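Dear colleague,

I am passing on to you the structure that we spoke about, with the sequence alongside. Please open both first, and then read the notes below next to them.

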Amino acid sequence: MFGGAEIERRPVRLAELVRRPDDEVAYKAFCEAYPAQHLGMERALGTSQCAFDRTTRQAVRQTLTRALRNVLDDSGPKSADYVRGYLDQELADVHAWLEQDRATAVARGLNVGLGLGALAGVLLLAVPLLAGVPALHLLGVTLGCGDRWGLLGVFAAGGVGALGAVLSVLVRLRVSAEELACRQATGPGSAQVPARQLARRMRHEGVYRVFVGWILATAVYLVLSGGIVPVVEIPTTAADVCLPAGQAVPGTRFWSFWCAIGFVAGFNERWAFGILRRDTPRKRTGST
C-alpha cells in the first residue's frame with residue numbers, strides 16, 4: 001500500500017504486554033524502580049503503533065515484551081545499574097528500528113510521488129500531441145511547419161525535464177533518506193511526524209519536484225528559443241527543420257539539443273528549492 005500498513009485500531013499500553021495476573025505487583029515495582037526506562041518503553045510502544053511498516057510494529061512489540069518479561073521474571077541478584085543498562089540498550093535498538101522505518105517511509109513516499117508525477121507528465125505530454133492539432137482545427141487555427149516543431153520542442157524539453165527531475169531526486173535519495181527523515185521534526189521537544197504522515201508528505205514532495213522540473217525545462221526552452229539570452233547559440237531551430245527539401249537540417253539535431261537542455265534544466269530542479277530555503281532565514285531575520 002502507498003500509505004504503509006494500517007494503523008492499529010486499538011492502541012496497546014505497555015501494561016497490557018504483561019498477561020499473567022501475578023505480574024501486576026512486579027510491574028508496579030518495575031515502574032517505581034525504573035521510571036525513565038518505563039516512560040521510554042511506553043513511548044516507543046506508542047510510536048511503533050503508528051509505524052509505516054507492519055514488521056517494524058511487530059519487531060518493536062516483541063522486543064519490548066521480551067525485555068519486560070526478562071526484568072519481571074529475573075529473580076536473581078541484579079543491580080539497578082545493570083537493569084537500566086539492559087533496558088537502555090533494548091530501547092536504543094528499538095529507536096534505531098523506528099528511525100529506519102521513518103527512512104523507509106521517506107523513500108517509499110518519494111518514489112510513489114515521483115512515479116505519480118512522471119505518469120501525470122506523460123499524460124500532459126501525450127494529450128496535447130494527440131488531441132491538440134484536431135482541437136485547433138475545430139477552432140479554425142492552422143499550424144505551420146515551424147509552429148508544429150516549436151510546440152513539439154516545448155513538450156520534448158518539458159517531458160525530458162521531468163525525467164531529469166526524477167533522476168535528480170533519486171540520486172540524492174540514495175544517500176539522504178535517513179537524513180530527510182531526521183529533518184522532519186516539528187514543535188517543542190523535537191516531536192516527530194508520524195511515519196504515515198511523513199510518507200504522505202514526501203509523496204506530495206515527489207509530485208511537486210517532477211512538475212518543478214517540467215516547468216523549469218519549459219521556461220528554459222522559451223527563454224532560449226525566443227532569443228532572450230543571445231549568449232547561447234542554438235544549433236538548430238524549427239525554421240531550419242522546415243526549409244525546402246535538400247536544405248532542411250535533420251530533425252534529430254533539433255530533438256537532441258532541446259532534450260539535452262530540458263534534461264539539464266530538470267536535473268537542477270533543486271535550484272528552486274534552494275532559493276526558497278535561502279529566502280526564509282532572511283525574512284525571519286528582518287521580522288525580528
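Predicted model: local features only at pLDDT ≥ 70, side-chain atom pairs only at ≥ 80, totals over all residues.

The buried residues of α8 are G251, F254, F257, W258, G262, A265 and G266. When one looks down the axis of α8, these buried residues fall within an arc of 155°, and they therefore line one face of the helix.

Helix α3 can be treated in the same manner, since its 20 residues should span 28 Å at 1.5 Å a residue, which agrees with the 28 Å between its end C-alpha atoms. Buried in α3 are T56, R57, V60, T63, L64, A67, L68, V71 and L72. Around the axis they cover an arc of only 160°, which puts them on the same side of α3.

Which residues touch the most other members of the largest nonpolar core? They are F30, M41, L64 and L68, in a core that has 22 residues. The elements that give two or more residues to this core are α1 (24-33), α2 (35-48), α3 (54-73) and α4 (80-138), and the largest share, 6 residues, comes from α3. If residues up to four places away in sequence are not counted, L68 touches L14, L17, V18, Y27, F30 and M41. Apart from this core lies another, of 11 residues, among them A157, Y221, I234 and F257. As a general background to both, nonpolar side chains in soluble globular proteins tend to be buried together.

M41, which is found in helix α2, deserves a separate look. Is M41 buried or exposed? Its relative accessible area is 1%, which is under the 20% cut-off, and M41 therefore counts as buried. Leaving aside residues up to four places away in sequence, M41 touches L14, F30, L64, L68, L87 and L91. M41 and L14 are 27 residues apart along the chain, and their C-alpha atoms are separated by 7.3 Å.

A search of the whole structure finds 1 disulfide, and its partners are C145 and C242, with their sulfur atoms 2.0 Å apart. The link is left-handed, with -85° about the S-S bond. Because C145 lies in helix α5 (residues 145-183) and C242 in the loop between α7 (238-241) and α8, the pair ties together parts that are 97 residues apart in sequence. C145 is partly exposed, with a relative accessible area of 39%, and C242 is also partly exposed, at 24%.

Finally, a word on confidence. The mean pLDDT of the protein chain is 77, and 80% of its residues reach 70 or more. Confidence is highest in α2, at a mean of 91, and lowest in helix α9 (residues 270-287), at 45. Over residues 186-190 the pLDDT stays under 50, and the model has 3 contacts beyond four places in sequence for them. The pLDDT is also below 50 over residues 274-288, a stretch that has 2 contacts in the model beyond near neighbours in sequence.

With best wishes

How values were computed. Residues numbered from 1 in each chain as written. Heavy atoms only, no water. Core = buried A, V, L, I, M, F, W, Y, C linked by side-chain atoms within 4.5 Å. Buried < 20%, exposed > 50% of the residue type's maximum accessible area, 1.4 Å probe, protein only. Helix = DSSP H or I, 4+ residues; strand = E, 2+ residues; numbered from the N terminus. Contact = heavy atoms within 4.5 Å. Arc of directions from axis to C-beta. Disulfide = S-S within 2.5 Å. Expected span 1.5 Å × (residues − 1). pLDDT = per-residue confidence, 0-100.
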